[in-house]
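Here are my notes on this model. Please read them with the structure open.

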Amino acid sequence: MSLSSPFFHQALSTSKVMLIVCIALLPGIIVQSYFFSYGVLINVFFCSLFAIIAEYFVLYLRKRKPWKIIKDNSALVTGILMGIAIPPTLPLWMSFIGVCFAIIVAKQLYGGLGFNPFNPAMVGYVLLLISFPVEMTSWLPATTITPNVPDFSDSLNLILFSQTSNGDDVEFFRQLADGYTMATPLDFTKTQFTLGLMTSEILTNETLLKSHHAWHLVNLAFLVGGLILLFLKIIRWHIPVAFLSGIILTSYLLYYYDPNLFMPTSFHLTTGATMLGAFFIATDPISASTTPKGRLIYGFLIGFLIVLIRAFGGYPEAVGFAVLLLNLASPTIDHYTKPTIYGHNLEEHANE
């Protein structure tokens, strides 16, 4: 009989582990919804619902027992991660496409949980980012810096119909008091660099500082959830530590090389999906490297690629791309970092 991941070295079932991951995501979800309105919660709900329905549909076609398998909560985790990763006003039909692709193509067509080589949530996210770059980068400004904060009804209408009952579209809510349209800190800094501004000038922008403060707290909340997973031994320390080390070392070297053209380490650590990626995405027990040394290499290279893509790539956020690239490389990493089995070398010498 063939065995597949995930392998948890504790007396917890996969469903309980996945449920704990969902609970650990709650601090980040709450803080993110505080700064980016109800759309975050609406997206999490619909993406989770779509993920469960898509998994049920495929399992039914495969003549499996849908409810028995869905109870492992892996589809729920995929849906929640997708709901967090997408903008809070993304049209619902786009969310549906991304989630269904993640579950049906990136997971079930490979055989289901334990056989998928790529993180399903990141496959769905990257598909949407490549297919709909404008919509996927149209994040609302933090509620603390804009006078136009959508309430629950407005958020729902924007997601369902792309405009509110008053006819206001997403761009109306993205504008600040001075009429300036705010982008995410990563997108903002990339645009400013292309305009010829230096790091010191960018970091003094008051609007950027206020926006970055919101993302700083969002990352802090996901860090808290990640530490809960470490404390409960749901994940191991290797990948998060190596992931953050890769970001720290790479961003430090670039900033040291030219502080006028690259952002400092503190910026990379506290913006975008850094902490979500380090503790909840890169640590996926199925698509990540599985050997102790391999996890360190795997995590470090993800952090390394994130900084390079943010600095030189065409997309401001890089976690999804970096994770998928290392998902592809993880079997090779595991192959060359397999621990030596006790007595194996003695047998080889005896045969010589």
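1. Helix α1 (residues 14-36) packs on helix α2 (residues 39-61) at an angle of about 130 degrees, and their axes are 7 Å apart. So α1 is oblique to α2. The axes are lines fitted to C-alpha atoms over the stretch in contact, and angles run from 0 to 180 degrees between N-to-C directions. Under 35 degrees counts as roughly parallel, over 145 as roughly antiparallel, 65 to 115 as roughly perpendicular and the rest as oblique. Helices are DSSP runs (H or I, at least four residues), numbered from the N terminus.

2. From α1, I29, Q32, S33 and F36 meet G39, V40 and L41 of α2. Contact means heavy atoms within 4.5 Å. The residues of this contact are four nonpolar, three polar and no charged. Ala, Val, Leu, Ile, Met, Phe, Trp, Tyr, Cys and Pro count as nonpolar, Asp, Glu, Lys and Arg as charged, and the others, Gly among them, as polar.

3. This is a predicted model: local features need pLDDT of at least 70, side-chain atom pairs count only at pLDDT 80 or more, and totals for chains, interfaces and linings use all residues. Residues are numbered from 1 along each chain as its sequence is written, and side-chain values use heavy atoms, without hydrogens and water.

4. Look next at α17. Its buried residues include F321, L324 and I333. Buried means under 20% relative accessible area (1.4 Å probe, protein chains only). Among the elements covering the buried residues of α17 are α6 (120-131), α15 (274-281) and α16 (292-312).

5. V307 sits in helix α16. V307 counts as buried because its relative accessibility is 1%. V307 touches I247, T250, S251, L254 and H268, not counting residues up to four places away in sequence.

Terms used. Helix = DSSP H or I, 4+ residues; strand = E, 2+ residues; numbered from the N terminus. Buried < 20%, exposed > 50% of the residue type's maximum accessible area, 1.4 Å probe, protein only.
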